[in-house]
Amino acid sequence: MTQTSDQAGSAAGTGQDAPGIADELLGFLAARTKSTWEHDQDLFAVGGMSSLFAMQLVVHLEKTYGVTISGADLMLDNFRTVDAMVRLVHKLGGSRASAGATAGE
Amino acid sequence: MSEATAAGGADRWPEELFTDLVGDRAAEWDRTGRIPLDTLRGLGAKGLLCAQVPAAHGGLAFSSRRNGELTAHVGALCSSLRSVMTSQGMAAWTLRRLAGAGQQAALVPRLTGGELAAVAFSEAGAGSDLSALRTRITRDGDEVVVDGAKVWTTNAAYADLLVVFGRTEDGAGAVVVPATALGVRIERITDPLGCRAAGHADIRLDGVRLPADALLDGVDRTPALLVTTALSYGRMSVAWGCTGILRGCLTAAARHANAREQFGVRLAEHQLVARHLAELLIAEQGASRACEHASELWDEGSPDMVTAAVLAKHVAATGAARGAARAVQVLASAGSRDGHTVARAHRDAKLMEIIEGSSEICELMLARHALATAG
């Protein structure tokens with residue numbers, strides 16, 4: 001795997017699980033859209049995903065990493081790229097291990 | 001067996017309470033355009049108008065599925081009252097999503113304590129296109145100032161708190177405005193087509209000054225994600241409410257077709273009438289399954305809940321509009337006066353094809369989903 005300096009600086013630098021989260025998210029995107037995305041690609045650029053899809057990402061991150069995304073964290077820029085989502089999960093202290101502890105709404 | 005029945009009965013206390021409370025008064029509420037404020041406050045104080053609120057905030061902590069069944073029950077009784085539930089529940093949900101922890105702790109318990117709330121999205125120039133919002137929320141030292149005009153806000157005529165979406169200097173957000181604040185004017189819409197007692201009102205906000213923390217923490221560059229989040233709850237609630245409309249219409253039409261005779265036989269034995277009954281059952285079952293599916297996804301925390309909610313809303317609202325028209329056709333003159341279950345359903349269901357994402361907007365979202373997931 002080659003990493004760009006951007007990814008190294010933003011995602012990989014914040015925790016050892018970062019590549020794992022990024023890979024999982026890229027897999028989620030690929031499964032959902034049946035096309036491949038770059039970790040720094042703007043998902044909501046012209047011709048990209050809708051705000052409905054952004055909310056799917058909110059729910060996916062909550063379910064997968066056991067975090068609650070509300071208040072000031074609920075902004076589109078936090079879901080704009082895979083890198084941004086990795087940063088958000090780290091900031092909220094999320095991990096796959098903590099996911100089992102939180103039920104749905 | 002008897003134990004299971006008793007448990008089931010106890011679990012249905014909210015339904016029984018609403019049935020007793022509405023009684024035969026839905027027709028009167030429809031004709032007068034008013035539900036007594038004490039009635040709404042009493043339901044609110046029991047947590048029944050926003051039953052998914054967690055216990056920590058004084059709520060009943062219902063699942064989406066459980067709250068949905070209750071919403072359908074109320075929808076079959078009175079769509080105006082169900083619309084009040086939709087608004088109150090959407091306000092509570094918006095606070096849980098957009099408010100910071102301190103804001104939630106201060107505000108959400110008020111919605112389970114008897115105060116009533118409305119969520120104001122639409123403006124004269126911003127209906128389906130909420131990116132065109134013009135209401136302004138401006139910071140001024142320790143305060144925010146709100147200026148704008150909202151239209152067709154459900155529950156606003158009853159509300160103590162208004163959750164108002166608007167533009168901030170940085171983008172978009174929502175502010176919680178007490179209905180009694182200086183500069184707020186609420187004008188009840190006196191002649192709505194349907195849900196006539198749901199407290200629809202236009203709101204004027206002229207230089208309304210509030211403490212800065214009235215602006216919810218969820219502020220974004222565009223309103224898209226904030227509004228989509230808030231509306232998701234509203235769509236679930238409208239979907240279940242429309243399923244209730246279909247259940248009310250199916251019962252009324254089947255009873256009438258069973259009881260009335262024409263040309264020497266029961267109406268139900270006339271094949272063209274029987275077809276209406278079949279179509280009503282198909283619509284009711286289809287809407288029920290779509291709602292159950294969406295609620296189960298919601299309760300699991302599945303990302304598929306987002307499109308499932310749009311689909312359920314669309315299936316239920318269009319089904320209710322067509323189904324109610326069929327029910328009026330079956331009951332004919334017996335159901336053709338204002339206040340009758342099917343007459344109300346006919347008018348109420350039509351409005352449900354317009355709010356929380358019109359049928360056309362729902363179709364566009366579903367089409368876009370189909371395109372985005374086709375690869």
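## Chain A

Contacts between residues 24 or more positions apart make up 66% of the chain A contacts that have a separation of 6 or more; two residues are in contact if their C-beta atoms, placed from the backbone, lie within 7 Å. This is a predicted model, in which local features need pLDDT of at least 70 and side-chain atom pairs count only at pLDDT 80 or more, while totals for chains, interfaces and linings use all residues. Residues are numbered from 1 along each chain as its sequence is written, and chains are lettered from A and ligands numbered from 1 in the order in which they are written.

Chain A has five helices and zero strands, where helices (H or I, at least four residues) and strands (E, at least two) are DSSP runs, numbered from the N terminus. Of the 105 residues in chain A, 43% are buried. A residue counts as buried if 20 or more other C-beta atoms lie within 10 Å of its own, as exposed if 12 or fewer do, and as partly exposed in between, with C-beta atoms placed from the backbone.

Let's turn to chain B. An unreviewed UniProt entry places "domain: Acyl-CoA dehydrogenase/oxidase N-terminal" at residues 21–115 of chain B. That stretch is 66% helix and 0% strand, with its end C-alpha atoms 19 Å apart. For residues 118–208 of chain B, UniProt lists "domain: Acyl-CoA oxidase/dehydrogenase middle", again from an unreviewed entry. Here the chain is 0% helix and 51% strand, and the end C-alpha atoms are 17 Å apart. UniProt positions are given in the numbering used here, feature names are shortened, and annotations may be inferred rather than shown by experiment.

## Two loop residues

Asp24(B) sits in the loop between α2 (13–22) and α3 (26–32) of chain B. Asp24(B) is exposed because it has 7 other C-beta atoms within 10 Å. Leu77(B) is 53 residues away from Asp24(B) in sequence, with 9.0 Å between their C-alpha atoms.

Leu48(B) belongs to the loop between α4 (37–45) and α5 (64–77) of chain B. With 23 other C-beta atoms within 10 Å, Leu48(B) is buried. Leaving aside residues up to four places away in sequence, Leu48(B) touches Pro14(B) and Leu43(B).

## Helices of chain B

How do α5(B) and α6(B) pack? Their angle is about 145°, and their axes are 6 Å apart. Axes are lines fitted to C-alpha atoms, for helices over the stretch in contact, and angles run from 0 to 180 degrees between N-to-C directions. From α5(B), Thr71(B), Val74(B), Gly75(B) and Leu77(B) meet Ser79(B), Leu81(B), Arg82(B) and Met85(B) in α6(B).

Further along comes helix α12 of chain B, residues 359–374. Just after α12(B), Gly375(B) takes a positive phi of about 85°.

## Where the chains meet, and the core

Now for the two chains together: 34 residues of chain B are in contact with 25 residues of chain A. On the chain B side, α6 (79–98), α8 (224–259), α9 (271–300), α10 (305–331) and α12 each supply at least two residues.

The largest nonpolar core has 148 residues, and Val175(B) is one of those that touch the most other members. A nonpolar core is a set of buried Ala, Val, Leu, Ile, Met, Phe, Trp, Tyr and Cys residues joined through C-beta atoms within 7 Å. Not counting residues up to four places away in sequence, the residues that Val175(B) touches include Ile137(B), Val164(B) and Leu210(B).

Terms used: The expected span of a helix is 1.5 Å times one less than its number of residues.
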